[in-house]
Amino acid sequence: MNEVLIYSDKPSLAAELVGFAREEEHDVTIVTFSPEEASELVGCGASKVVLLDGDSDIPENNARALAGLIDEWGVSLFAVGATPRGRDLAARVAGYLGCGMASDVSAVHLLDGKLSTERLMYGGAMVRSEEFSTPVVVTIPSGRFEAVRGVDSPLETIVIQPDMRVHLVEREPLSQEGADLSCAPRIVSVGMGVSKREDMALIEGLAAALDARIGCTRGIAEERGWVPAEQYVGISGVSVAPDLYLSVGVSGQVQHMVGVRDAKVIVAIDKNEKAPIFREADFGIVGDLYAVVPLLTDALVTAR
Ligand SMILES: Cc1cc2nc3c(=O)[nH]c(=O)nc-3n(C[C@H](O)[C@H](O)[C@H](O)COP(=O)(O)OP(=O)(O)OC[C@H]3O[C@@H](n4cnc5c(N)ncnc54)[C@H](O)[C@@H]3O)c2cc1C
């Protein structure tokens with residue numbers, strides 16, 4: 001019996017999902033539809049990797065065949081990396097199986113044929129706990145579990161019959177202006193406390209000293225247009241899970257902080273000691289960013 005089956009079109013996220021399964025001591029298999037991904041996935045610590053060879057360029061076309069295998073193999077949990085493609089596939093597989101599904105869970109436990117999950121509701125103001133009987137499908141965003149690496153698994157190939165009613169006509173690269181923050185290990189986040197566009201050079205210097213990506217609040221992206229919209233963090237922006245989230249002139253309103261919940265360490269610089277961000281920060285510096293940021297950047301550069 002394959003207790004936990006994993007799919008992610010991002011191999012690094014598949015390795016994190018294996019981390020979850022291993023933490024709970026479940027037997028775990030990874031499925032993929034791509035020979036290129038399969039060669040990366042064999043190093044992710046699963047009991048085996050199964051390449052489902054279906055001769056379709058669209059992973060979603062394999063949903064029905066995959067649901068059939070999940071049924072045949074007696075899989076309890078199909079855990080899918082929460083990427084746009086993963087979410088699409090997960091919903092289709094759950095539909096074909098006629099089973100329960102939970103999207104973008106923050107916690108998941110499989111015990112005695114029952115799956116319990118937690119996910120944030122109402123902009124993170126509440127945690128919703130749910131229980132499912134198996135089989136069940138969940139999507140899990142990155143940053144929830146420690147990735148497993150360097151443990152090789154055998155690769156098996158199974159030929160499947162995809163649903164060919166939809167076929168690919170043409171591929172065009174998506175023009176994305178901003179950086180992908182979802183897997184960034186360090187983020188320096190800029191808020192409306194930075195008063196002039198040219199002062200962004202201070203933030204860029206700090207980010208370079210930390211080898212960090214730049215994130216921001218909504219106003220910086222949408223009102224001022226100083227940072228691409230893909231890089232604003234929060235309920236209507238992206239959720240991030242870096243090791244370090246260093247905010248500069250960010251007040252810490254709930255709509256922003258929802259996107260930062262999974263940061264391991266939050267450091268805040270703000271001149272207002274009553275700013276809500278200090279309630280959530282692990283370390284806070286109360287001071288004028290125009291004095292603090294250059295000192296911090298110099299100290300970081302010197303310490304290298
Ligand atoms: C439906 C809805 C959805 C939203 N979604 C999002 C979202 O996804 N993401 C998001 O970010 N926001 C979102 N918002 C907006 C959110 O409510 C806040 O308004 C926003 O996050 C505040 O951004 P800020 O911290 O940059 O600005 P402010 O709240 O104005 O804070 C600026 C901070 O800078 C400090 N400061 C000023 N000058 C200095 C200085 N010289 N040195 C040091 N500190 C200084 C101030 O003390 C203050 O704390 C949403 C709002 C709504 C209503």
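This is a predicted model: local features need pLDDT of at least 70, side-chain atom pairs count only at pLDDT 80 or more; totals for chains, interfaces and linings use all residues.
Visitor: Why is His26 called buried?

Guide: Buried means under 20% relative accessible area. His26 has 6% relative accessibility, so it counts as buried. You will find His26 in the loop between helix 1 (11–23) and strand 2 (28–32).

Visitor: What makes the pairing of His26 and Glu24 a polar contact?

Guide: A polar contact needs a pair of N or O atoms within 3.5 Å. The side chains of His26 and Glu24 are joined at 3.0 Å, so the pair meets that limit. A second polar contact, of 3.4 Å, joins the side chains of His26 and Glu3.

Visitor: Which residues is His26 in contact with, leaving aside its neighbours within four places in sequence?

Guide: They are Glu3, Val4, Phe20, Ala21 and Leu110.

Visitor: Glu25 is found in that loop between helix 1 and strand 2 too. Why is Glu25 called exposed?

Guide: The word exposed is used over 50% relative accessible area. Glu25 has 71% relative accessibility, and therefore counts as exposed. Its backbone deserves a look as well: phi of Glu25 is near 60°, a positive value in a residue other than glycine.

Visitor: Why is Asp104 called partly exposed?

Guide: Partly exposed covers the range between the buried limit of 20% and the exposed limit of 50%. Asp104 has a relative accessible area of 27%, so it is partly exposed. Asp104 is in the loop between strand 5 (100–102) and strand 6 (107–111), and it has a positive phi of about 50° although it is not a glycine.

Visitor: And why does Leu97 count as partly exposed?

Guide: Leu97 has 23% relative accessibility, so it counts as partly exposed. This residue lies in helix 4 (84–97). Not counting residues up to four places away in sequence, Leu97 touches Ala67, Ile70, Asp71 and Val137.

Visitor: Which residues of helix 3 are buried?

Guide: In helix 3 (residues 63–73), they are Ala63, Ala65, Leu66, Ala67, Leu69, Ile70 and Trp73. These buried residues pack against several elements, including strand 1 (4–7), strand 3 (48–53) and helix 4. Just after helix 3, Gly74 takes a positive phi of about 70°.

Visitor: How many residues surround the ligand, and of which classes?

Guide: The ligand is surrounded by 24 residues. Among the closest are Met192, Thr217 and Asp270. By class, the shell has 7 nonpolar, 13 polar and 4 charged residues. Helix 7 (254–257) and helix 9 (289–303) each supply at least two residues of this shell.

Note on methods. Residues are numbered from 1 along each chain as its sequence is written. Side-chain values use heavy atoms; hydrogens and water are left out. A residue is near a molecule or strand if one of its heavy atoms lies within 4 Å of it. Helices (H or I, at least four residues) and strands (E, at least two) are DSSP runs, numbered from the N terminus. Ala, Val, Leu, Ile, Met, Phe, Trp, Tyr, Cys and Pro count as nonpolar, Asp, Glu, Lys and Arg as charged, and the others, Gly among them, as polar. Buried means under 20% relative accessible area, exposed over 50%, partly exposed in between (1.4 Å probe, protein chains only). A polar contact is a pair of N or O atoms within 3.5 Å; within protein, one must be able to donate a hydrogen and the other to accept it, and residues adjacent in sequence count only if both atoms are side-chain atoms. Contact means heavy atoms within 4.5 Å.
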